Amino acid sequence: MKILDHFGMVKRFLDKMKDPVQRQTFYTIFGAKMAGLALLFFLIKVIPAYFGAHAYADVTTTAAVAAAPAAAAAAATPAPDPAYVSPMNTMWVLVTAFLVFFMQAGFMFLEAGFARERETVNVLLEGIVDTCLCGLLFYAWGFAWMFGAGNGFIGNQYYFLQGTPITYGGSGVAFLAFFLFQFAFADTCSTITSGAMVGRTGFVGDLIYSFGVSGFIYPILGHWAWGPDGWLNNIHPLPFHDFAGSTVVHTIGGMVALAGAIVLGPRIGRKFKRDGGGPMPGHDMTIAAVGGVILWFGWYGFNPGSTLSAMDMVGCGRVAANTTLAACAGGLGALFYVYPRTKVWDCGASVNGFLGGLVAITCPCYWVSPLGAIILGWIAGIVVIIGVDLMEYMRIDDPVGAWPVHGLAGIWGTISLGLFATGEFGAPTTTGADNSAGSIVKGLFYGGGTDQLVAQIKGNLAIGGSALLVGLVLMYAVKLTGTLRVSKEGEIEGLDNHEHGGPAYPEFVIHK
């Protein structure tokens with residue numbers, strides 16, 4: 001009888017599984033239980049190792065390397081021997097790397113929303129392929145040129161991640177975790193560039209210029225500020241500082257984007273304000289705004305993660321708070337600056353305004369006060385709108401505002417450090433700020449004089465000017481190949497149909 005009962009239970013189970021609702025319920029409950037078991041086993045495995053295990057390894061490099069990008073401008077620190085791998089700091093860097101990587105979803109949403117419907121697939125695929133390409137190039141030589149020891153202008157270590165020590169310098173962060181974090185930064189720079197070139201760039205041309213940005217421009221120029229022996233770390237009388245990349249990531253990306261927009265020319269049908277027209281509206285402000293907020297969320301990896309230390313609790317909290325306040329101020333600054341001119345509350349302006357505030361605070365976030373973050377963020381929001389107006393006047397077509405948001409706000413944020421640094425904090429270390437006399441960063445408004453301000457201007461001119469110049473050379477070179485801009489017929493048809501075989505919304509009627 002018991003055997004028959006078991007067969008009956010099996011039959012009832014099989015009968016229920018024929019019902020889609022019952023089947024979905026079973027899969028949901030079963031999946032949740034399996035996930036719970038997996039999480040339990042993970043915690044059993046990880047928690048003892050995380051709090052109780054120490055890992056040691058010999059360091060294979062003898063070069064003096066920086067403990068973190070933010071500290072590179074202050075001093076190069078030799079790695080201890082043996083190197084201590086900090087579980088907490090390594091996990092902190094990995095988690096923040098994941099946040100920075102998630103910004104790619106934000107960029108894809110933002111750019112697709114500000115673009116027209118007929119180029120949506122093109123924007124999405126560019127974001128995916130740029131990421132894949134950047135990862136392999138950064139693995140092959142990008143990381144070596146940027147973070148390897150070499151000379152003041154380029155690194156010469158760690159090609160194809162060979163000969164790497166266990167940790168990067170004296171950071172205590174596992175080397176490959178640091179590599180992943182920096183790859184996410186490199187990917188951000190490449191994606192910024194595509195925003196100004198939406199709607200008329202050939203896909204092959206996009207691949208070629210992305211190869212140049214990720215493989216050459218970003219790692220070489222980035223080494224000047226973040227490399228262990230970058231020359232901007234040693235300028236007299238004070239070194240250049242860029243905590244998380246207002247210049248290294250955003251100004252480089254923004255300047256190359258400007259170069260691309262200049263060389264490409266405007267989209268067909270684009271009529272500028274001085275000619276009686278105005279910007280072409282994006283096709284979906286919903287996904288544009290959501291993309292902007294996703295970027296804001298990712299910035300909590302971008303800025304706090306650049307401490308490279310979860311044990312710098314005060315520094316991480318200060319950076320996160322300053323990041324938030326600058327974004328809030330930037331969004332409102334742009335919104336209220338635009339309203340008197342248009343008499344409308346402009347969502348696009350507010351989105352780009354808070355992104356401008358985020359870009360601006362990226363450089364000085366470790367060294368300014370919350371009030372300073374609000375002031376410089378508010379100004380950044382206005383700077384973005386002024387940049388949009390300037391692009392319109394110059395008849396340069398930048399569909400998403402890549403140069404105003406990343407290039408111009410990046411310049412302002414880098415300079416603002418020389419004005420708003422409070423003089424309370426020095427270089428970040430694995431355990432907190434180094435507040436010794438020689439490491440303190442103090443701006444003009446706090447009695448620091450003009451030395452730091454001059455250093456910031458020098459560094460931004462060197463990197464930003466070089467990015468624009470090399471970007472123009474790169475874009476004109478790609479143009480000579482005939483791949484930079486699609487044909488007139490292809491642009492009118494739309495990049496999605498012309499280059500990718502179909503639209504993003506095949507089941508919807510799109511009003512022309």
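In which loop does proline 237 lie? Proline 237 is placed in the loop between helix H7 (203-226) and helix H8 (246-264), where helices (H or I, at least four residues) and strands (E, at least two) are DSSP runs numbered from the N terminus. A cis peptide bond, with omega of about 0°, joins histidine 236 to proline 237.

The model is predicted, so that local features need pLDDT of at least 70 and side-chain atom pairs count only at pLDDT 80 or more, while totals for chains, interfaces and linings use all residues. Residues are numbered from 1 along each chain as its sequence is written, and side-chain values use heavy atoms, with hydrogens and water left out.

The protein contains 16 helices and four strands, and 54% of its 512 residues count as buried (buried means under 20% relative accessible area, exposed over 50%, and partly exposed in between, with a 1.4 Å probe and protein chains only). Of the contacts with a separation of 6 or more, 78% are accounted for by residues 24 or more positions apart, a contact meaning heavy atoms within 4.5 Å.

In soluble globular proteins, nonpolar side chains tend to be buried together. The largest nonpolar core here has 103 residues, of which Phe138, Phe143, Tyr218, Trp226, Ile252 and Leu355 touch the most other members; a second, separate core of five residues includes Ala112, Ala115, Val123 and Val198. Such a core is a set of buried Ala, Val, Leu, Ile, Met, Phe, Trp, Tyr and Cys residues joined through side-chain atoms within 4.5 Å.

Two residues other than glycine have a positive phi, namely tyrosine 158, near 70°, and arginine 395, near 60°.

With a disulfide taken as a pair of cysteine sulfur atoms within 2.5 Å, the count comes to zero. The sulfur of cysteine 134 is 8.5 Å from the closest cysteine sulfur, that of cysteine 189, and is therefore too far away for a bond. Cysteine 134 is itself buried, with a relative accessible area of 1%, and cysteine 316 likewise counts as buried, at 10% relative accessibility.
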